[in-house]
Amino acid sequence: MTREFQHLRFQIDDRVARITFMRPPLNIFNIAMMGEIGDALNDCARASGLSAIVFDAAPDTRAFSAGVAVEEHVPETVFQMLDSFHSIFRLLAQISKPVIAVVDGPALGGGCELVAACDIVIASEQARFGQPEIKLGVFPPVAAILLPRIIGEKRARELILTGDMIDAEEALRLGLVSHVTTSAELEQKTQSVLGKLRELSASSLGLTRAALELGQHQNFESALAAVENLYLHELMKTEDANEGVRAFMEKRKPEWRNKK
């Protein structure tokens with residue numbers, strides 16, 4: 001089964017669903033593309049016997065994803081933007097199937113958050129990861145929940161508060177990435193991991209992933225709802241959050257007011 005969307009390709013083959021980002025050059029997630037990802041995940045939910053879901057990027061793009069479209073952070077669309085983005089993570093939690101990210105290039109902002117939500121991450125040596133949202137005067141809601149759980153409280157706080165980027169080896173050391181290989185061997189490693197999952201019971205894999213979700217310190221849905229409320233009803237009402245977004249779109253340095 002193969003389904004072509006405007007911004008991605010969706011394929012199910014041999015019990016594996018593959019969602020390939022195809023919005024060059026950097027696979028920026030706009031509302032339309034995020035809706036397509038949601039549609040593909042809903043197809044995954046209806047498919048029986050899936051062993052895994054794979055996220056990757058088309059060869060003619062330069063990033064796994066450089067994040068969510070900044071121009072949609074404006075007051076007119078920010079509610080729809082955040083709902084479209086967070087719906088992806090809610091669906092991933094509900095589907096309860098192993099999820100793999102294959103990263104051959106930058107995964108920044110929302111792209112890094114999607115990587116954090118995956119169970120297994122296979123990265124090339126040229127992969128880069130980071131949450132640069134603070135440089136625009138905003139914060140990454142999903143990363144604020146997931147990164148401390150994955151890489152540890154102190155390092156997560158530093159990365160989110162500074163907007164620094166890390167390479168694949170550092171991401172591997174921190175536990176954000178599962179495997180690092182060359183770009184040429186990336187697909188071979190991916191097929192090796194998928195081969196192990198295909199040998200296992202799809203229903204048992206799903207229930208095991210559900211058990212892992214239950215084992216988190218706080219229910220993801222409850223945590224996301226609370227952080228989402230903070231983002232939309234407090235952060236996005238500040239002068240600096242709107243100034244940071246405007247400055248990015250106008251290609252200038254932001255002039256912070258430093259007040260709520």
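**Aromatic pairs and an enclosed cavity**

**View 1. Phe-64 counts as buried, at 1% relative accessibility.** Phe-21, at 0%, is also buried (under 20% relative accessible area; 1.4 Å probe, protein chains only). The model is predicted: local features need pLDDT of at least 70 and side-chain atom pairs 80 or more, while totals for chains, interfaces and linings use all residues. Residues are numbered from 1 along each chain as its sequence is written, and side-chain values use heavy atoms, without hydrogens or water.

**View 2. Phe-21 and Phe-64 form an edge-to-face pair.** Rings of Phe, Tyr and Trp (its six-membered ring) pair if their centres lie within 6.5 Å, and planes over 60 degrees apart are edge-to-face; this rule gives five aromatic pairs. The centres of Phe-21 and Phe-64 are 5.4 Å apart with planes at 70°, so the pair is edge-to-face. Phe-21 belongs to strand E3 (a DSSP run of E, at least two residues), and Phe-64, 43 residues away, to the loop between strand E4 and helix H2 (a run of H or I, at least four). Ring pairs join both to Phe-29 and Phe-55 in a cluster.

**View 3. Phe-139 and Tyr-231 are both buried.** Their ring centres are 5.2 Å apart and their planes at 75°, so this pair is edge-to-face. Phe-139 lies in the loop between strand E8 and helix H4, and Tyr-231 in helix H9, 92 residues apart.

**View 4. The structure holds one cavity of 30 Å³ or more.** A cavity is a set of points on a 1 Å grid over the protein atoms alone where a 1.4 Å probe fits but cannot get out; lining residues have an atom within 4 Å of a point.

Notes: Rings of Phe, Tyr and Trp (its six-membered ring) pair if their centres lie within 6.5 Å; planes under 30 degrees apart count as stacked, over 60 as edge-to-face and the rest as tilted. Buried means under 20% relative accessible area, exposed over 50%, partly exposed in between (1.4 Å probe, protein chains only). On a 1 Å grid over the protein atoms alone, a cavity is a set of points where a 1.4 Å probe fits but cannot get out, and a pocket is an open set with protein on both sides within 12 Å along at least five of seven lines; lining residues have an atom within 4 Å of a point. Grid points are joined across faces, edges and corners, and a volume is the space filled by probe spheres set on the points.
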